[in-house]
Amino acid sequence: MTKRIRLIIAAVVFLVIISAISCIFLFRPSESTIVEIVENNKVTATLDLSEETDRTFIIKCEGGYNEIKIENGQICITDADCPDKTCVKTGYLRSESVPIVCLPHRLVIRFAE
């Protein structure tokens with residue numbers, strides 16, 4: 001192998017290692033139990049998931065609604081009338097880096113800072 005090929009292989013291995021480490025830190029589960037529900041850039045609710053009872057509730061927005069479920073200390077959007085339903089497909093809120101977002105309804109569910 002030439003020096004150039006070894007250098008390319010070393011660079012690729014380095015990038016893979018850095019990417020793996022980044023993913024571990026970015027997507028690690030949050031230790032926080034305080035969640036904010038944000039509508040149109042305004043915090044409309046702050047919930048402590050460790051104290052909340054299992055329940056389902058609906059948030060009505062300008063363009064429609066989002067059905068939010070709290071179960072076993074976790075929160076997710078179970079139904080929405082937005083066209084792509086990306087917020088529903090996101091599943092449970094797990095990481096501080098990846099909130100649940102419904103762009104058509106301008107709704108964000110995230111861990112509080």
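This briefing describes strand pairing and the nonpolar core. The structure is a predicted model, in which local features need pLDDT of at least 70 and side-chain atom pairs count only at pLDDT 80 or more, while totals for chains, interfaces and linings use all residues. Residues are numbered from 1 along each chain as its sequence is written, and side-chain values use heavy atoms, with hydrogens and water left out.

- Strand β1 (residues 34–39) runs antiparallel to β7 and is joined to it by five bridges (strands pair if DSSP finds at least two bridges between them), with Glu39 partnering Leu107.
- Strand β6 (residues 100–102) is likewise antiparallel to β7, through three bridges, and Ile100 stands opposite Ile109.

**The three-stranded sheet**
- An open sheet has the order β3-β4-β5 with antiparallel pairing; β3 and β5 stand at its edges, each with a single partner strand, so one side of each lacks a neighbour in the sheet.
- Six bridges connect β4 and β5, and Glu67 stands opposite Asp79 in β5.

**The largest nonpolar core**
- This core (buried Ala, Val, Leu, Ile, Met, Phe, Trp, Tyr and Cys residues joined through side-chain atoms within 4.5 Å) has 20 residues, of which Ile37, Ile68, Ile75 and Ile109 touch the most other members.
- At least two residues of this core come from each of β1, β3, β4, β5, β6 and β7.

Terms used: Helix = DSSP H or I, 4+ residues; strand = E, 2+ residues; numbered from the N terminus. Buried < 20%, exposed > 50% of the residue type's maximum accessible area, 1.4 Å probe, protein only.
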